[in-house]
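Colleague: I would like to learn how to read a structural model with some care, taking one feature at a time. Could we go through it together?

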Amino acid sequence: MERYCFKTAVGEVVYYPSRVWSSTIAIKGEKYILIDPQYHFLKDTTRPDEIWLTHTHPDHILSINKFEGIPVYAHPEGLEILVSPFPDRASTKREIASAINVVENFKSLKGFRKTTLKRMVETIIRMHSLPFINIKGVRGVKQVYKMSDGEKRYGIRIFYIPGHTPDSLCFYIKEDGICATGDLIMGGVRSGEPFYTRF
Ligand SMILES: [Zn+2]
């Protein structure tokens with residue numbers, strides 16, 4: 001498997017890129033942290049101390065149930081999906097709630113056209129609900145914990161960066177200028193939409 005290793009202030013970082021699904025990052029320092037475990041890790045026998053999620057899209061959480069008993073850390077907006085026996089339904093519910101928020105945020109803006117708003121809402125539903133069709137293997141995760149904006153764990157700063165999803169987080173190693181941004185940045189291009197920012 002292709003991988004890139006480098007030393008940082010908080011330990012060795014191993015980056016497993018993927019051109020199709022989510023990339024995965026392992027940080028081997030004070031604790032062994034696995035960020036966004038996806039299908040690469042279905043066969044990996046190394047057990048991390050903690051799993052951290054940049055967000056709860058299915059390609060970022062595919063291998064979670066293979067690490068039973070390992071605590072999973074995520075933003076509160078993603079917890080319902082992780083613990084649900086029906087994550088596809090929980091995801092759809094969240095995206096509808098998000099769409100309602102978008103309408104509330106934007107409808108009062110002067111000169112904002114209804115057709116633009118409708119297109120934005122449709123994009124949210126299409127982009128963020130479809131991937132959960134046929135989701136398997138991520139149901140009723142037992143040990144799930146909240147991460148909050150500004151928190152620091154093992155020398156790594158956690159920031160809340162809603163845009164790609166309402167539960168997006170990034171993990172920042174200040175000393176090395178390294179930030180795991182999830183899908184907020186893909187291929188060097190900002191991908192998310194500023195839909196979830198509240199006015
Ligand atoms: Zn995503």
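Colleague: In what order do the strands of the open sheet of four strands run, and is the pairing parallel or antiparallel?

Modeller: Strands of a sheet pair through backbone hydrogen bonds, and they may do so in a parallel or an antiparallel way. In this model, which is predicted, the four strands of the open sheet follow the order 8-9-10-11, and their pairing is antiparallel. Strand 8 (152–153) and strand 11 (178–180) each have a single partner strand and stand at the edges, so one side of each is left without a neighbour in the sheet.

Colleague: How many bridges join strand 8 and strand 9, and which residue does Lys152 stand opposite?

Modeller: Strand 8 pairs with strand 9 (residues 156–160) over two bridges, in the antiparallel sense, and Lys152 faces Arg157 of strand 9.

Colleague: Turning to the helices, which residues of helix 2 are buried, and where do they lie around its axis?

Modeller: An α-helix has 3.6 residues a turn, so residues three or four places apart point the same way. In helix 2 (residues 87–106), which has 20 residues and reaches 28 Å from its first C-alpha to its last, the buried residues are Pro87, Ser91, Arg94, Glu95, Ser98 and Ala99. Viewed down the axis of helix 2, these buried residues fall within an arc of 145°, so they line one face of the helix. The face turned away from that buried side carries the exposed residues Arg89, Ala97, Ile100 and Glu104.

Colleague: Which residues of helix 1 are buried, and what do they pack against?

Modeller: In helix 1 (residues 76–83) the buried residues are Glu77, Gly78, Ile81 and Leu82. Seen down the axis of helix 1, they fall within an arc of 125°, so they too line one face of their helix. The buried residues of helix 1 pack against strand 6 (72–74), helix 2 and strand 7 (144–146).

Colleague: Which residues touch the most other members of the largest nonpolar core?

Modeller: In soluble globular proteins, nonpolar side chains tend to be buried together. The largest nonpolar core here has 28 residues, and those that touch the most other members are Ile35, Ile51, Trp52, Leu53, Val72, Tyr73 and Ala74. Among the elements that give two or more residues to this core are strand 5 (50–52), strand 6, helix 1 and strand 10 (169–173). If neighbours within four places in sequence are left aside, the contacts of Val72 are Ile51, Leu53, Ile64, Leu82, Val141, Gln143 and Val144.

Methods
Residues are numbered from 1 along each chain as its sequence is written. This is a predicted model: local features need pLDDT of at least 70, side-chain atom pairs count only at pLDDT 80 or more; totals for chains, interfaces and linings use all residues. The expected span of a helix is 1.5 Å times one less than its number of residues. A residue is buried if 20 or more other C-beta atoms lie within 10 Å of its own, exposed if 12 or fewer, and partly exposed in between; C-beta atoms are placed from the backbone. The arc is that of the directions from the helix axis to the C-beta atoms. Two residues are in contact if their C-beta atoms, placed from the backbone, lie within 7 Å. Two strands pair if DSSP finds at least two bridges between them. A nonpolar core is a set of buried Ala, Val, Leu, Ile, Met, Phe, Trp, Tyr and Cys residues joined through C-beta atoms within 7 Å.
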